[in-house]
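Morning, everyone. I have one structure to show you today. Please take a look at it first.

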Amino acid sequence: MRLRATFAAALGAAGLLLSLPGSALAADGEFSYWVEGTNAYHQRALLDPAGRFCHRLDLPNPAAPAYGVRNNTDATAIVFLDENCSSNVYYYVLQPGQQAPRDVAVRSVTFSR
């Protein structure tokens, strides 16, 4: 009987964890990057980005990827050269507070804890 009650309690706890809102997975902080615009360079940022979601960076010139990325969030950021967070060759992992080398080109990013 106790085993059944323990199993029911564990199942209920798992259900509660799975029903947490997506904001619980969000990264707190700012992910910043530089882009090439018309005759100038601009810094852009993602504020408190959603976790486990592919963020396509806002690039004024799609032919020119972002660079100088800095992860000032509390989550690990994985940056990709492609737009869909799917490249298994051209990616770079940034721990919280870490900046990528200047030559790392980026078009998308995902966050995980």
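I'll go through a sheet, then a core, then the aromatic rings.

One caution before that. This is a predicted model.

Start with the sheet. Four strands form an open sheet, in the order S3-S7-S5-S6. The pairing is antiparallel. Which strands sit at the edges? They are S3, residues 55–56, and S6, residues 91–94. Each of these edge strands pairs on one side only.

Now look at S3 and its partner. S3 is joined to S7, residues 108–112, by two bridges. The two strands run antiparallel. Find His 55 there.

As a general point, nonpolar side chains in soluble globular proteins tend to be buried together. Here, the largest nonpolar core has 18 residues. Which of them touch the most other members? They are Phe 31, Leu 57, Val 69, Val 79, Val 109 and Phe 111. Three strands each supply at least two residues of this core: S1, at 29–37, S5, at 76–80, and S7. S1 gives the most, with three residues.

On to the rings. There are four aromatic pairs. Take Phe 31 and Tyr 33. Their ring centres are 6.4 Å apart. Their planes meet at 40°. Stacked would need under 30 degrees, and edge-to-face over 60. So this pair is tilted.

Are these two residues buried or exposed? Phe 31 has 0% relative accessibility, so Phe 31 counts as buried. Tyr 33 is at 2%, so Tyr 33 is buried as well.

Next pair: Tyr 41 and Tyr 67. Here the centres are 6.2 Å apart and the planes are at 85°, so the pair is edge-to-face. This pair links distant parts of the chain. Tyr 41 is in S2, residues 40–47, and Tyr 67 is in S4, residues 67–73. The two are 26 residues apart.

What about their accessibility? Tyr 41 is exposed, with a relative accessible area of 53%. Tyr 67 counts as buried, at 15%. The cut-offs behind those words are over 50% for exposed and under 20% for buried.

One last item. Which residues do ring pairs link into a cluster? They are Phe 31, Tyr 33 and Phe 111.

Methods
Residues are numbered from 1 along each chain as its sequence is written. This is a predicted model: local features need pLDDT of at least 70, side-chain atom pairs count only at pLDDT 80 or more; totals for chains, interfaces and linings use all residues. Side-chain values use heavy atoms; hydrogens and water are left out. Two strands pair if DSSP finds at least two bridges between them. A nonpolar core is a set of buried Ala, Val, Leu, Ile, Met, Phe, Trp, Tyr and Cys residues joined through side-chain atoms within 4.5 Å. Buried means under 20% relative accessible area, exposed over 50%, partly exposed in between (1.4 Å probe, protein chains only). Rings of Phe, Tyr and Trp (its six-membered ring) pair if their centres lie within 6.5 Å; planes under 30 degrees apart count as stacked, over 60 as edge-to-face and the rest as tilted.
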